[in-house]
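Here's a quick briefing to read with the model open beside you. Take a look at the fold, then go through the points below.

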Amino acid sequence: MAGAFGAHGLQGAVSARGLEVFQTAVTYQMYHGIALVLVSLLAAAGLANRLLAVAGAFFLAGVLLFSGSLYLLVLTDIRWVGPITPLGGVCFMVGWAALLLAAVSRPEH
């Protein structure tokens, strides 16, 4: 839905660069939404452990910080949110590392 809004609703309202930034936010939100579904499927399959919960929390934080800051930047032109974006990127990396560790670690008893 956000992608359709960006492609159709923002065309002519923001610059070409703004549309590109908005699309980046949509893409990362989509990929990490899929990652959150993966986390929940792994938990349902019995791989529930603290690392899996950490991965999910960092993916969610990453979406809010990374994609959210880019959405705000494009839609409001508030420049101070720009430095927040890399924090979201770090959250994504921590989430992937935690998911990898959860997948290769022994299950908790």
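In which helix does Met 30 lie? Met 30 lies in helix 2, where helices (H or I, at least four residues) and strands (E, at least two) are DSSP runs numbered from the N terminus. Keep in mind that this is a predicted model, in which local features need pLDDT of at least 70, side-chain atom pairs count only at pLDDT 80 or more, and totals for chains, interfaces and linings use all residues. Residues are numbered from 1 along each chain as its sequence is written, and side-chain values use heavy atoms, with hydrogens and water left out.

**Overall fold**

- The protein chain has four helices and zero strands, so to speak plainly, the pattern along the sequence reads α-α-α-α.- Of its 109 residues, 31% count as buried; buried means under 20% relative accessible area, exposed means over 50%, and partly exposed is in between (1.4 Å probe, protein chains only).
- Take the contacts (heavy atoms within 4.5 Å) between residues at least 6 apart in sequence: 67% of them join residues at least 24 apart.
- The chain exposes about 6,700 Å², and carbon and sulfur atoms supply 72% of that. Accessible areas come from the Shrake-Rupley method with a 1.4 Å probe, and for residues only the protein chains shown count as cover.

**Nonpolar cores**

- A nonpolar core here is a set of buried Ala, Val, Leu, Ile, Met, Phe, Trp, Tyr and Cys residues joined through side-chain atoms within 4.5 Å.
- The largest one has 10 residues in all: Val 21, Phe 22, Ala 25, Val 26, Val 63, Phe 66, Leu 70, Tyr 71, Val 74 and Phe 92.
- Helix 2 and helix 3 are the elements that give two or more residues to this core, and helix 3 has the largest share, with five residues.
- There's also a second, separate core of eight residues, including Val 39, Leu 52, Ala 55 and Ala 102.

**Aromatic pairs**

- The structure holds five aromatic pairs. Rings of Phe, Tyr and Trp (its six-membered ring) pair if their centres lie within 6.5 Å; planes under 30 degrees apart count as stacked, over 60 as edge-to-face and the rest as tilted.
- One of these pairs is Tyr 28 with Phe 92: the ring centres are 6.0 Å apart and the planes are at 20 degrees, so this pair is stacked.
- That pair links distant parts of the chain, with Tyr 28 in helix 2 (residues 16-47) and Phe 92 in helix 4, 64 residues apart.

- Met 30 and Val 63 are 33 residues apart in sequence, with their C-alpha atoms 9.0 Å apart in space.
- His 32 is in helix 2 as well, and at 5% relative accessibility it is buried. Leaving aside residues up to four places away in sequence, His 32 touches Phe 59, Val 63, Phe 92 and Trp 96.
- Ser 67 belongs to helix 3 and is buried, with a relative accessible area of 1%. With residues up to four places away in sequence not counted, Ser 67 touches Ala 25, Tyr 28, Gln 29 and Gly 62.
- Leu 64 also has its place in helix 3, but at 58% relative accessibility Leu 64 counts as exposed. From Leu 64 to Gln 29 is 35 residues in sequence and 8.6 Å in space, C-alpha to C-alpha.

- Val 54, Phe 58, Val 90, Met 93 and Val 94 make a nonpolar surface patch of about 390 Å².
- Helix 3 (50-76) and helix 4 (85-104) are the elements that give two or more residues to the patch; helix 4 gives the most, with three residues.
- Patches are made of residues with over 30% relative accessible area and no salt bridge; like charges are joined within 9 Å and nonpolar side chains (Val, Leu, Ile, Met, Phe, Trp, Tyr) within 5 Å. A salt bridge is a side-chain nitrogen of Lys or Arg within 4 Å of a carboxyl oxygen of Asp or Glu.
- Val 94, found in helix 4, is partly exposed, with a relative accessible area of 31%.
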